[in-house]
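Subject: Structure handover

Hello,

Here is the structure I promised. Please open it alongside this note, then read on for what turned up.

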Amino acid sequence: MVVFILKNVGYYIMETMQLKMWSLNICCLILMCTHLLQCERQFKSVPVTVKSYKDETVLLPCYLDESDVKPRVRWYKDGTLLGDSKDPGTLLPPRVQMHANFSIQINEIRESDTAAYTCEVIRPEPWGPIRQTHSVEVQYPPTVMTIPDDGFLEVKKGEFVDIGCETTGFPPPVVEWRKDGEVMEILEHRSRIRFKASHRMQAGAYECIANNGVGSPVAASIRVIIQDAPVVIAQRTFVHTAPGLRAALLADVQFAVPPARTAWYRDGRPVNTDDRVLSIAQGSTYQLIFRSIRTTDLGNYTFRAENKLGMADVSYKLTGVPNIASFKVDPALNKASPTGFTLVWEVDSYSTIIEYYLWIRQYYGRPATDEPDPLNTDPSASIWSKIVVPGDSSEGPIHNALYVVRGLTPSTVYEALVASRNRFGWSKLSAVLHFATEPGVGNTPSVVDYSDISPILEDIETEPQNISQAQIFGIYDFVDNNNCKRSCISQTLFVTALLLLYFRLCV
């Protein structure tokens, strides 16, 4: 019995001691947490992010609870020690100063001052230091540096163009691109662009513009050159002249990178130059000048520009044949009647015009009418009719001609062509002239009123090309054969009518 009582007393004493130990541990833990909370609350200031402009002053706080013991405070910039309140040997930078309340002030702030600044309070053992971090963001205008550095890039056609702009500034700048002053449609803002040089027209001045809302936008330019075969144009390839006159063949090299070798040829052979025949180059314009034309100078010439990527040729014809005639469109001159129309044209020729060939036919492309034209009985309205018009005795160089075309159908649209001949040969055909006759008496009115149609010139082809004399005579022969058939039939009918009239009178 005594043993049982002693055991129970022992268990009771042990449980009591354990409860006291737990109570003591809990009290210590509460005291430690309370002390830690009090320590964390030593900062009166709160972390801040300061956005400032260049040359301004920034104050970063490090306010502590009042205490009898003056703490030791250190400041760090991006982890690097900036200053120590207890160590006079740690000198602050010239533009930074620490106040008595341990806050620091940065004067005349610069771009390099953008960083994270940490205030560290050193506490006595066993407590470690406490820290508070602030951020400084210095806003400043953008700057731009080109890629490549010299702002110049030259590539061959088919290679890749890789250009860009390195920017600085805060906030980070937005980059836009322009080419030769025109905005480039790019899906997103980017500081670098890359593309394949597939055409020489992709060359030019590429400009990147950086803007971040601070100050004015800045721009930098990159000149892109794309090497390609030469491109040559000529305003006139058919040059009319005459013996004794001055003449010039002109070629304009619009593009040649790398620079092209140039030369003039006649019938595949280089042109021999001397005091009378000169080859002159002024910038991109090249001329072959004849101070006094000789008959032997007339012929075909070629200008050639060539570099390592290709060549370009332009062919010329130096000739004495007339220039292309031009119809005059003037209501005062182009007088219309139901069966006739006055045509007027002009041609340049340094030699006397021997004759003109005037071609006339009905315009088969005219709009269809609801009712047939009873006066139009010609079944072959689309066949050209040739009229030979005599030339003049003038030496020119400007020759004017007027001809009244008769026997036309009222209320009908016609088209006309003209070619000129002098002692050197036939000119090329003129542009097509569309004109209309007036309504005649008794003519059935049509839906379309052709009397309101004014003469209209229409080029035969989009680009002029040389027409050889053989081609022109081919047209002439074709029309001559048709006209001959008509003429023979008309003459046969006329003779038959005369014979019938003669026998009738005799009876």
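A polar contact here is a pair of N or O atoms within 3.5 Å; within protein, one must be able to donate a hydrogen and the other to accept it. Please keep in mind that this is a predicted model.

Start with Gln105. Gln105 sits in strand E6, residues 104-106. Its side chain makes a polar contact of 3.1 Å with the side chain of His99. The Gln105 side chain also has a polar contact with the side chain of Asn107, at 2.7 Å. Neighbours within four places in sequence aside, Gln105 touches Thr57, Val58, Leu59, Arg95, Val96, Gln97 and His99.

Next, E14. Strand E11 (residues 174-179) and strand E14 (residues 204-211) run antiparallel, joined by six bridges. Asn211 in E14 stands opposite Val174. On to strand E15 (residues 218-233): E14 pairs with E15 in the antiparallel sense, over seven bridges. Ala210 has Val218 in E15 as its bridge partner. E14 and E15 form a hairpin, with six residues between them. In that turn, Gly213 has a positive phi of about 85°.

Last, a sheet. Three strands make an open sheet in the order E24-E25-E28, with antiparallel pairing. Strand E24 (326-327) and strand E28 (398-406) are the edge strands, and each pairs on one side only. Two bridges link E24 to strand E25 (residues 340-348), again antiparallel. One of the residues to look at is Ser326, whose bridge partner in E25 is Glu346.

Best wishes

Methods
Residues are numbered from 1 along each chain as its sequence is written. This is a predicted model: local features need pLDDT of at least 70, side-chain atom pairs count only at pLDDT 80 or more; totals for chains, interfaces and linings use all residues. Side-chain values use heavy atoms; hydrogens and water are left out. Two strands pair if DSSP finds at least two bridges between them. Helices (H or I, at least four residues) and strands (E, at least two) are DSSP runs, numbered from the N terminus. Contact means heavy atoms within 4.5 Å.
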